[in-house]
Each structure stands twice: as structure tokens, then as C-alpha cells.
Amino acid sequence: MEACFRLILFDIDGTLITTGGAGVHALERAFHTLFDIKDAVNSIPMAGKTDVQIIKEVLGLHGLSYLDGNVKKMQEMYLHYLQEEICNRDKKLKPGVKELLNLLKNKDIPLGLLTGNLERGAKIKLHPFNLNEYFIDGAFGSDHEDRDELLPIAIDKFRRKGFTFTPKQCIIIGDTPRDVRCAKIHGARCIAVATGPYSKEELLTTDADMVLDSLSETEQYLTLLTGNTELI
Ligand SMILES: [Mg+2]
């Protein structure tokens, strides 16, 4: 196999796709069904957080324990509703995503996910767009509730599949300051893209190596992603 110097890891919501509100609606329905809580996630900012983190925050906000199986029950109910909610007409691929993924796949660059979504939730969200096939593996909110812990987990999963990468050889592509932080604390690169809730100006105040309006600006970042040299 050709030597790969880069592992590219993608966030999902706001980066690859918008779910048309499916994630929020599924969480709200689950909180309503299980705990009779309405508009549960309205009160907390969600972007960049892991699903487990969001569930625990809402449970805490309503004085509910997360030690007695409530988190597990919420996850199952959320995934059940997500299957239904993803069938909405407002979900969309972000600009340039399919073109970029095809281009990287054709160059045999290993691609993964690094997302706060539960692994099953990630697959449900990507399935209608036929995106699951592009990703060899990834680290998910179901692997660890703290996003900052996910990069080493992703590297370890790829190692078990025969790919050896150091954090410095990884590039995370995401849409929030939390994506930037979970890359930079390990010395990885990060491309921030302003297709989620954060503006380009806001993302420029982070440590991102590059900030883009959208992933369709291929000429700006393609050398960083596909260059045949090791990242320094
Ligand atoms: Mg995101």
C-alpha cells in the first residue's frame, strides 16, 4: 500500500451535512417520552458537544440522575426517533462534500469520522446521503463523552486496521471551536468550515490552521489534504 501521511477525520453535523433538525427533534421527543420534558434541548447550546454530554446536561438541568440507566434509555429512545426524523425534506449535504470525498477516495487517502454523535446515530444520519461507505472507521460520542479524548481513540482504531498515524499526521475538519480544540490539544491540524452555527469571523479567533466559508473552496486546502509530503 502507498504510504499515507495523513488521516483525515470529519465531523458530521454542520460539516458534512445538516440533518434538517432531525437530531434535535429526536432528542426532544426522547426526553418528552421518557421524562415528560418539553423543548428539552432548547435551553443548551449543542454544537460540538457529544450526544452523551448533551443528554447528561439536560438530565442535570431537570434534576434527573444519570447514574441509574437514564442515559442508556435516552440513547436508545433517541436512536429510535432519529430513524424517523432523518426522513425529512430539509436535510442536506453541505456544499462540495461529495466532490471532496470522491476526490480523496480516488487518491486512496484514508478517511474517518470524529464526531460527538453516537456511532449508530452517525450511521443513521449519513445513510440517506450514501456517505457511510467513505469512512473506514472513526471515533464517536459513544466511545467517549469528552470530544477532546476522541482523536487518540480514532488513531487506535485505525492502527488496529493496519494504518499507523501520529496525531500530527491527522487533520480534523469541523465546524465549531470544539472541533478545533480537540485537534490542537493533541498537535493535530484542523480545518474549520463556517457551514455550521459559527461564522468565519468567529472561527478565525480559534487556533484553526485554516478557516473556510465552505468545503467547496477546494483550491484553498487541497494541497494540505493530499500533498505527498509529511506534515511538519
Ligand atoms: Mg459539527
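## Helix packing and domains in a predicted model

Helix α2 passes helix α3 in a right-handed crossing, a crossing being right-handed if the near helix is turned clockwise from the far one by less than a right angle, and left-handed if anticlockwise. This is a predicted model, in which local features need pLDDT of at least 70 and side-chain atom pairs count only at pLDDT 80 or more, while totals for chains, interfaces and linings use all residues. Residues are numbered from 1 along each chain as its sequence is written.

The contact between these two helices is made by V52, I55, K56 and L59 of α2 together with N70, V71 and M74 of α3, where two residues are in contact if their C-beta atoms, placed from the backbone, lie within 7 Å. By class, these residues divide into five nonpolar, one polar and one charged; Ala, Val, Leu, Ile, Met, Phe, Trp, Tyr, Cys and Pro count as nonpolar, Asp, Glu, Lys and Arg as charged, and the others, Gly among them, as polar.

The two helix pairs are set out below, with axes being lines fitted to C-alpha atoms over the stretch in contact, and angles running from 0 to 180 degrees between N-to-C directions.

| Helix pair | Axis distance | Angle |
|---|---|---|
| α2 (residues 51–61) and α3 (residues 70–85) | within 10 Å | roughly 120° |
| α3 and α5 | 10 Å | about 5° |

The angle of about 5° makes α3 roughly parallel to α5, since angles under 35 degrees count as roughly parallel, over 145 as roughly antiparallel, 65 to 115 as roughly perpendicular and the rest as oblique. This contact is made by L79, L82 and Q83 of α3 and by R120, G121 and I124 of α5, and its residues comprise three nonpolar, two polar and one charged.

At the level of domains, whose bounds come from an automatic or database domain assignment, the chain is divided into domain 1 (7–18 + 92–226) and domain 2 (22–85). Their C-alpha centres lie 24 Å apart, and 17 residues of domain 1 are in contact with 12 residues of domain 2. On the side of domain 1 that touches domain 2, α5 (119–126) and α7 (177–184) each supply at least two residues, and the residues of that side divide into four nonpolar, seven polar and six charged.

The chain has nine helices and eight strands, which are DSSP runs numbered from the N terminus, helices being H or I with at least four residues and strands E with at least two. Its C-alpha atoms fill a box of roughly 55 × 35 × 35 Å, taken along the principal axes.
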